[in-house]
Amino acid sequence: MRLDAKIPAGPLPQKWDRHRFELKLVNPANRRKYDIIVVGTGLAGASASASLAELGYNVKTYCIHDSPRRAHSIAAQGGINAAKNYPNDGDSIWRLFYDTVKGGDFRAREANVYRLAQVSNWIIDQCVAQGVPFAREYGGLLANRSFGGAQLSRTFYARGQTGQQLLLGAYSALMRQVANGKVSLFPRREMLDLVVVNGQARGIVARNLVSGEVERHAAHAVVLCTGGYGNVYYLSTNAKACNVTATFRAYKRGASFGNPCFTQIHPTCIPVHGTYQSKLTLMSESLRNDGRVWVPRTGGDKRAPSQIPEAERDYFLERKYPSFGNLVPRDVASRNAKEQCDQGKGVGETGLAVCLDFADAIRRDGRPVIEKKYGNLFQMYEKITGEDPYGTPMMIYPAVHYTMGGLWVDYNLMSTVDGLFVLGEANFSDHGANRLGASALMQGLADGYFVIPYTIGGYLAGSRFAEVADGHPAFTDSVKLVQERVAKFLAVNGRRTVDDFHRQLGLVMWDHCGMARTNDGLEKARSQIQALRAEFWQDVRVPGAAGDFNQSLEKAGRVADFLEFAELMLLDARARQESCGGHFNEAFQTEENEARRDDANFCHVAAWEFTGEGQDPVLHKEPLAFENVHLTQRSYK
Amino acid sequence: MSKTIHLTLKIWRQSGSGDKGRFESYPARNISTDMSFLEMLDVVNEQLTLEGREPIAFEHDCREGICGTCGTLVNGRAHGQLKGTSLCQLHMRHFADGDTLVIEPFRARAFPVIKDLVVDRSALDRIIQAGGFISVDTGSTPEANTLPVPQDRAERAMDAAACIGCGACVASCPNASAMLFVSAKVSQLALLPHGRPEAARRALGMVRAMDGCGFGNCSNHRECEKTCPKEISIVNIARLNREFFKAALLSQER
């Protein structure tokens, strides 16, 4: 298999224009002859569904929830970047492009990232017109704030609920097309297989989560917008339903998986507090604009943070990175917090936390100003911890938050399976080895509103399609496979619950494939996971029936896939013998403990091809060519 | 500091829409007060699974109060007793050792029970389909700063837009009315200049859809405002009424 990224020729700023001109068009009268399946209704899926339906395609949209409005994009807090340069502080498309490539530690494709920066401004126009209530200045114009990893203000926001407002905007556009009859909505469906006929993605097999029926859905193209796989760690800031199943099933049908080991550990989350804990809560990175991160100067200091005098505190980010201070990128902030805790300087009951202190900001700006900026976040913190962050410093610790890896896609966002497109967090494309704050919302909406509407037309116009209905043998085979697997889960009737296995998997991954990795640890983890997987199939207990609303059964399917997928992450992490962004192998670090890349040997995308059950996948490499930016050691000092 | 408490749960069990349903009692022992309400249910479900019984079906997802998926009645109150809090954000430190909690699904004709504590809220989506949007196709929009929006209007629009669509307003209304939900969306879009061109059609369409879905009318009990986890104000209902009357009496829309 040869990976062809299909990057258009010509100078970077003209590539997308040129490509849009070169893409074939589907005549408006012919669009209604094409059925397109969109799986997932987060920012990418909802925006893609609405935009494709507006063009005249017949869209069939699936979501795992009762309503498309519940997708996990809704939980994004901080904001969305765009290169509008409203504050007149020196922003440009080029700078947003450059910051994103650098922030990703030079492991993303230049052409994709440049396009992302180009369309970023249209996204803001689109969302405002939909009625997204962004924050505004007194004069009525849009407000901006700065965000981690950037030295200027390019982030648009709606209090701490930006993801919610953007998603509800895209959801409203989707609902409008449902009312127009151009989108058929299938809520409470989980995609359990991809159907490929003659090398083309031609449909999906999905389980109706209410009736348990395994359904067949055929189309001319399939668009996966199913998010990331952070829940492989069990504890993450992802919603409980987030899973890898759709993308992993597509991988097993021939879609290569790109950079699975690139995961993002977000620095500002509420620390873990008990073994029963079901998920972690993110506190928006915007808090780092005013909050100061510190630990006690000496290890083992058990005084309450408010009792520790100024002189005995170490504001380690400000000390180590004077120019970016508390606003260093997420991977750098997270790793430093871990380093301090590893040295025994952590605070709180577990010692796995650092302080995020607003006392100076409250003294400087007054409580009302801080309350207006962060009120809902402070309230959320108090609800969860029972402590008042206006009076005592917050305690935070890094947590798994986002996955940069995902299905490999070319410039058209098409995977290695013809007609299978992958958008948003589910693809690997734009963030390299580390994503900057406020860039996920930008990418999801860029892909859905402004990329897929063009590129899918090019595919449809340039392809020939055999008649494939849902009675095709490929569907029948796939349904049988899915039903057998469901029956297998129910038949084990062992002694351990699905969550119990999931927790154990998460601990192994967090310890060995989390913020810091070693070759030994990765290898050890691989054998532990193989053993755990074997145990799962012998000892899991899944109550209930196949033909029913059965949440245990849903979870079992997702965890079984995580148990296989985890091994792919470990393989990828082991193969990448360098450190970059969120992938930090302890053997590869600078004298100042920063990630040391190896551009001579690892300046590539790792794309893993499934070769059969029980066999090791094959690694393909897409070399990354940097023609417009100079590869440097990232420095935020 | 955390401690542990013991509770008795009386939980509604119903196998499907055809089943009549009944309360069943379960002990919840050694519950850490640092747990969230849903984590407490997780613990009970783990226990039920190991005992070979079917776990309690309940919906949840983000567990940080924003997706609107979770929600049950706890002792008759939607999302429990804590003001401005969704069920996932309610922590067990707000309960006392020995408490008995009655947990049942959101009840409304428009929300049929699917299983146990899970109800079908798709009627809320159907209301949005009837006009809860601004009709702009992708790409056809003017530059974002073309229309200034006074800051206080934008803030009030945001107050309304904060609705998470959980349906607690319906569940706590004696008439099972969805007026707070409808008014939040109508208000958000009516307050913004971008939403004005369709304001009349939106108000009429969404109210008609609400009636059609089997929700009741508003008779100013204000229970919705009291239980709304996002504290959406009934000022929005007043605004919806104004928009509705203006539309019905003065506009060409029918």
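In chain B, 18 residues of domain 1 touch 16 residues of domain 2, where contact means C-beta atoms, placed from the backbone, within 7 Å. This is a predicted model, in which local features need pLDDT of at least 70 and side-chain atom pairs count only at pLDDT 80 or more, while totals for chains, interfaces and linings use all residues. Residues are numbered from 1 along each chain as its sequence is written, and chains are lettered from A and ligands numbered from 1 in the order in which they are written.

**Domains of chain B**
- The domain assignment, with bounds that come from an automatic or database source, gives chain B a domain 1 at 4-114 and a domain 2 at 122-250.
- Their C-alpha centres sit 29 Å apart.
- On the side of domain 1 of chain B that touches domain 2 of chain B, you'll find eight nonpolar, seven polar and three charged residues. Here Ala, Val, Leu, Ile, Met, Phe, Trp, Tyr, Cys and Pro count as nonpolar, Asp, Glu, Lys and Arg as charged, and the others, Gly among them, as polar.

**Domains of chain A**
- Chain A splits into domain 1 (12-264 + 402-461), domain 2 (265-400) and domain 3 (473-613).
- The centres of domain 1 and domain 2 of chain A, taken over C-alpha atoms, are 31 Å apart.
- Their contact draws 21 residues from domain 1 of chain A and 23 residues from domain 2 of chain A.
- β4 (145-146) and β12 of chain A each put at least two residues into the domain 1 side of that contact; strands are DSSP runs of E with at least two residues, helices are runs of H or I with at least four, and both are numbered from the N terminus.
- That domain 1 side comes out as four nonpolar, 14 polar and three charged residues.

**Sheet and hairpin in chain A**
- Five strands of chain A make an open sheet in the order β12-β16-β15-β13-β14, with antiparallel pairing; two strands pair if DSSP finds at least two bridges between them.
- β12 (263-269) and β14 (313-314) of chain A are the edge strands, each with a single partner, so one side of each has no neighbour in the sheet.
- Five bridges tie β12(A) to β16(A), residues 394-403, and A:Q264 sits opposite A:Y402 of β16(A).
- Helix α9 of chain A (residues 330-342) packs on this sheet, touching β12, β13 (292-296), β15 (354-357) and β16, and its direction makes about 65° with that of β12(A). Axes are lines fitted to C-alpha atoms, for helices over the stretch in contact, and angles run from 0 to 180 degrees between N-to-C directions.
- Elsewhere, β8 (residues 200-208) and β9 (residues 214-218) of chain A run antiparallel and share five bridges, with A:G203 partnered by A:A218.
- That β8(A)-β9(A) pair is a hairpin with five residues between the strands, and A:G212 in the turn has a positive phi of about 80°.

**Where chain A meets chain B**
- The contact takes 63 residues from chain A and 65 residues from chain B.
- α6(A) gives the largest share of the chain A side, nine residues.
- By class, the chain A side has 26 nonpolar, 23 polar and 14 charged residues.
- α6(A) packs against α2(B), residues 122-129, at an angle of about 85° with axes 8 Å apart, so the two helices are roughly perpendicular, a label for angles of 65 to 115 degrees.
- A:S172, A:M175, A:V178 and A:A179 of α6(A) make this contact with B:D125, B:I128 and B:Q129 of α2(B).
- The residues of that helix contact are four nonpolar, two polar and one charged.

Methods
Two residues are in contact if their C-beta atoms, placed from the backbone, lie within 7 Å. Angles under 35 degrees count as roughly parallel, over 145 as roughly antiparallel, 65 to 115 as roughly perpendicular and the rest as oblique.
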